[in-house]
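Please keep the structure open while reading.

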Amino acid sequence: MRRTLRGHEVIEAASPREALDVLKTRTFDALVSDFSMGTESDGLDLLAHVKLMYPDTIRFLVTANRDLDIAARAVKEGSVHRYFSKPWDDSKLRSALEIVIASRHTPAQR
């Protein structure tokens, strides 16, 4: 992921709790989370919290899990802007992130 997002500042968090603690200290344009975090909650739970607490933060989910229920849950809850399966395509993930970030920083056309 660090290679995929070269040119962007990347801050890593080892757990959903750590990610939420970091989000309390600074503003981020985006959060890219793995689904399986090896903790009591998963990446989708983290992104749902971020949606509520920091709704302007772009939220991407990556996962090796091929379970369609995860994708359906992500879409239904509106917790993610984009969903990527592992192994993700570097250029597609990077382009999607840059497009969403650019659209957030561009004044609305009238």
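Predicted model: local features only at pLDDT ≥ 70, side-chain atom pairs only at ≥ 80, totals over all residues.

What covers the buried residues of α3? The cover includes α2 (43–53), β2 (58–63) and β3 (82–85).

**Overall build**
- The protein chain contains 4 helices and 3 strands, and along the sequence they follow the pattern α-β-α-β-α-β-α.
- Along the principal axes, the C-alpha atoms fill a box of roughly 45 × 30 × 30 Å.
- Of the contacts between residues at least 6 apart in sequence, 56% join residues at least 24 apart.

**Surface and charge**
- Buried residues make up 34% of the 110 in the protein chain.
- The protein chain has 17 positive and 16 negative charges, and their mean positions lie 5 Å apart.

**Helix α3**
- Helix α3 spans residues 68–77, and its residues Ile70, Ala71 and Ala74 are buried.
- These three lie on the same side of α3 because they cover an arc of only 100 degrees around the axis.
- In general, an α-helix has 3.6 residues a turn, so residues three or four places apart point the same way.
- Leu68, Asp69 and Lys76, on the other side of α3, are exposed.
- After α3 comes glycine 78, with a positive phi near 65 degrees.

Key. Residues numbered from 1 in each chain as written. Heavy atoms only, no water. Buried < 20%, exposed > 50% of the residue type's maximum accessible area, 1.4 Å probe, protein only. Helix = DSSP H or I, 4+ residues; strand = E, 2+ residues; numbered from the N terminus. Arc of directions from axis to C-beta. Contact = heavy atoms within 4.5 Å. Lys, Arg positive; Asp, Glu negative; His and termini not counted. Charge placed at Lys NZ, Arg CZ, Asp CG, Glu CD.
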